[in-house]
Amino acid sequence: MAYEKMQSALRELRIIAAARRLWLTFGLVVALFTVTGPFGTGESMFVGTRLSYWLMVHAVAWLISITFSITADVYLTDVLRSRLLRIMSGSLLAALPVALAQQGLGTAFDGQAFSLVALRTDFAITLPLCALFCLLTWLTMSGTLPGGTQQAALSQPSYLSVSAQEPLIAQSPAPLLLRLRPQHRATVLRLSSADHYTEVVTRRGRELVLIRFSDALAELGEAQGLRVHRSHWIADEHVAGLERDGGRFFVLTVDGGRIPVSRPYETGARGRFGAKIES
């Protein structure tokens with residue numbers, strides 16, 4: 001279990017590292033601090049030095065904060081139901097090491113001596129900033145983190161009640177399931193490509209996985225289903241019908257979804273789901 005949690009944390013860190021929106025936000029924040037020169041840096045540093053200082057401060061602070069947040073998100077799953085609260089808890093815990101790092105960088109840049117008084121001051125400033133940056137990161141990453149949103153909520157499929165959930169798959173799961181959080185390892189209902197990720201929907205939730213769609217299909221194991229589009233695969237049991245709309249076909253899913261069928265896959269879809277065609 002500890003190994004699985006560590007793997008989950010590493011997966012989330014890799015997803016964040018590949019998120020352009022987050023790093024664009026990071027760049028804008030660094031630029032804002034460089035231009036405004038808060039905390040006396042505008043008077044004590046030239047522009048180039050100030051840019052280097054804030055770039056290093058924010059790089060270290062965001063790295064520490066994100067690491068703490070993701071770790072808390074993974075390890076506090078059974079303690080806090082709200083993902084935002086888990087991430088916020090980790091971010092607030094990061095305030096002290098961030099303050100220590102800021103003290104070290106301050107010493108390196110302007111020779112200020114380390115002191116407990118200065119550390120308390122930095123901590124008092126860093127604590128609310130960590131909370132603010134956590135919210136900023138949460139809003140920015142909405143749709144990228146597994147469980148966050150683009151999908152990304154690790155949400156329960158609406159057509160399943162808790163009592164109707166199937167047991168977790170514990171023995172010999174398909175390779176793709178090993179990439180999911182343990183609580184989501186169940187029968188795969190559909191896959192959808194999302195940029196560099198694949199959204200995996202199972203009977204126990206959904207999760208974004210950093211894997212190419214073609215590789216995800218190869219890791220499905222013996223799952224029974226059909227690829228109906230270059231970006232979509234659906235399990236047989238998740239198909240409610242096949243709908244014709246003008247000259248196009250769409251797969252209707254059990255939970256009310258509508259997935260397009262592209263022309264190269266029409267013949268296969270009509271052959272497999274033809275008995276369920278709706279006009």
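The secondary structure of this protein comes to nine helices and eleven strands, and the model that shows them is a predicted one. Of the 279 residues in the protein, 46% are buried. Among contacts with a sequence separation of 6 or more, 55% are accounted for by residues 24 or more positions apart.

**Nonpolar cores**

- The largest nonpolar core has 20 residues, and within this core Y53, W62 and V98 are the residues with the most contacts.
- Two or more residues of this core are given by each of the helices α2 (20-36), α4 (47-75), α6 (95-110) and α7 (116-141), and the largest share, eight residues, comes from α4.
- V98 touches A61, I64, T126 and C130, when residues up to four places away in sequence are not counted.
- As general background, nonpolar side chains tend to be buried together in soluble globular proteins.

- Strand β9, which covers residues 248-253, pairs in the antiparallel sense with strand β10, which covers residues 258-261, and the pairing runs over four bridges.
- One of the residues involved is F249, whose bridge partner in β10 is V261.
- The two strands form a hairpin with four residues between them, and in the turn G256 has a positive phi of about 90°.

**Surface**

- The protein exposes about 14300 Å², and carbon and sulfur atoms supply 62% of this area.

Methods
Residues numbered from 1 in each chain as written. Predicted model: local features only at pLDDT ≥ 70, side-chain atom pairs only at ≥ 80, totals over all residues. Heavy atoms only, no water. Pairing = 2+ DSSP bridges. Core = buried A, V, L, I, M, F, W, Y, C linked by side-chain atoms within 4.5 Å. Buried < 20%, exposed > 50% of the residue type's maximum accessible area, 1.4 Å probe, protein only. Contact = heavy atoms within 4.5 Å. Areas by Shrake-Rupley, 256 points an atom, 1.4 Å probe, with all protein chains shown as cover.
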